[in-house]
Amino acid sequence: MDIVATVRAFLAAQPPALLLGLAGVVALLSVAGAIVTLLTALKPDKDYRELRQRIASWWVMVALLAGALLLGWQATVLAFALISFMALREFLSLAPIRKEDRPAILAAYLALVAAYGFIAADKYMFYLVFIPVWTFLGLPFLMAMLGQTRGFLTTAATFHWGLVTCVYNLGFAAFLMRTPASDRLPAGAAGLVFFLLLVTEFNDVAQYVFGKLLGRRKIAPTVSPNKTWEGFLGGWLATGLLIGFAGPVFTPLAGQGLLVVAVALPLAGFAGDVTMSAVKRDIGVKDTSHAIPGHGGVLDRADSLTFTAPLYFHLMALFALDRF
Amino acid sequence: MGWLRFLLLVLAARPLALFLTGADVVGRERLPLKGPAIIAANHASHVDTLLLLAIFPSRAVARVRPVAAADYFLRDPVIGWFSRHVIGIVPVARLKAGSGEDVLAPARAALAAGDIVVVFPEGTRGDGDDLGQLKGGVARLAQAFPEAPVTPVWIQGAGRVLPKGETIPAPLNCAVLVGEPLDWTGDRAAFMARLRAALLALKDQAPPLRWS
């Protein structure tokens, strides 16, 4: 079999807008890489190692996610299940947990498997209630049967917070892959997920860049001292504009729906970032692990996504999709 | 048999360690890549051995040999075969220590053959929270092989993944902190004190373990 022909046929079967979007991301990363190379040459006394490491990690993340999106819903659901697993493992490793809770930890991973099983089986209603209702009740019951009542309510809340953010909320991104073709998607279901990831990460980077360039007034000094009003507003504006212009290319959004997503999504990204910073500060760590060189842990990278994914999903369901 | 061990370590032990612990290594560049060399780590779980076999690069992993208690790991033929040929243990008859028999002879032979020998100076698995009393065997090995660097390694959290007495592991992140290698300076007591201080200094840099 001819490999070139196979690759060509594989790419030809993809929505052109998705390939265009991925090419755009590759171009953006190349420009970022070129700028850092230039900076290194111009200012040899400064250390740009972390920045270079960060961009190298972006290449790896983009390659893995783009590969999953192009391969289809099975690969994407598996990829998000792995992201959720790594995020939940980081969360449960850092959160205060009691020694008696080992069976509850194992049960939390089982809940992850079940939740992603519902996505794979396309059981939307089961997914919606499984973690917020049944795991919410079942896990504390299991903890009660384990017999340790010291710090019970705090631990039950810790488990639930971890499962909702790391599994339930991130899972919505994967569930978008189950949107049927009958929903008239301009870049396929993968285009919906691509756009969510693009704008969420673009918002993170834009807030960081605007903050570095213009940042003066601190916005949440006790929680996240590096965040400024200038960074927040600059990121909001830039991401809002990106959503306004690129939204119709990748999603069925238009008019009012597009406007609401453009205004609300950057806010959700900021909220996720700050809220997870409060959790990390409470636990007493800066990064949740060293899984992604230059970025920290999976939860450090996915913190804003735990807020934007459910919001994006529900606004999409409200304004543009018949399936959900 | 060497190729079987290599394949199992790279294709099974490594993914398993990543799945169970995330294998979050700090200071990987300080790991020795050729022997004779000694790794001295704290011990709270069988996961410690799995992790230390998993974090070495492929070109060095065939040389890594954990020192393990003969009374425990060679107690029956199946576990014994697995311990010798897959884990690659250097058996130490710890029950015969002090009987006049040279229990460290297999470890010295491994070092003489150019292996990277992993020792758990606590001698047994602890509770995972604190560093127990250190046994002096590692100083005797360092004295016998002054050219072998002794690299202190602190493993944080393995005792939560699989505590002593449990059989089902629970995936939780472990940090592996690799310290600067110590050189033999001629005095066993002083060497053990330096090793203990180095391990505790690494422990201080580890992410907090908040379980009670």
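Two residues are in contact if their C-beta atoms, placed from the backbone, lie within 7 Å. By this criterion, the contact between the two chains takes 20 residues from chain A and 14 residues from chain B. On the side of chain B that touches chain A, 8 residues are nonpolar, 4 polar and 2 charged; here Ala, Val, Leu, Ile, Met, Phe, Trp, Tyr, Cys and Pro count as nonpolar, Asp, Glu, Lys and Arg as charged, and the others, Gly among them, as polar.

The structure is a predicted model, in which local features need pLDDT of at least 70, side-chain atom pairs count only at pLDDT 80 or more, and totals for chains, interfaces and linings use all residues. Residues are numbered from 1 along each chain as its sequence is written, while chains are lettered from A and ligands numbered from 1 in the order in which they are written. The model scores ipTM 0.90 and pTM 0.93. For chain B the mean pLDDT (the predictor's confidence in each residue, from 0 to 100) is 89, and 100% of its residues reach 70 or more.

Chain B contains an open sheet of 7 strands with mixed pairing, in the order S1-S7-S6-S2-S5-S3-S4. Helices (H or I, at least four residues) and strands (E, at least two) are DSSP runs, numbered from the N terminus, and two strands pair if DSSP finds at least two bridges between them. Strand S1 (24-26) and strand S4 (90-92) of chain B are the edge strands, each pairing on one side only. From one strand to the next, the twist averages 25 degrees. B:Ala68 has B:Pro91 in S4(B) as its bridge partner.

Helix H2 (residues 46-54) of chain B lies across S2, S3, S5, S6 and S7 of chain B and runs at about 165 degrees to S3(B). Such angles run from 0 to 180 degrees between N-to-C directions, and axes are lines fitted to C-alpha atoms, for helices over the stretch in contact. Helix H9 (residues 188-205) of chain B packs on the sheet, where it touches S2, S6 and S7 of chain B, and its direction makes about 35 degrees with that of S6(B).

In chain A, helix H7 (residues 152-175) and helix H12 (residues 305-319) pack with their axes 8 Å apart, at an angle of about 45 degrees. H7(A) and H12(A) are therefore oblique to each other, as angles under 35 degrees count as roughly parallel, over 145 as roughly antiparallel, 65 to 115 as roughly perpendicular and the rest as oblique. Among the residues making the contact are A:Phe172 of H7(A) and A:Phe313 of H12(A). By class, this contact of H7(A) with H12(A) has 9 nonpolar, 3 polar and no charged residues.
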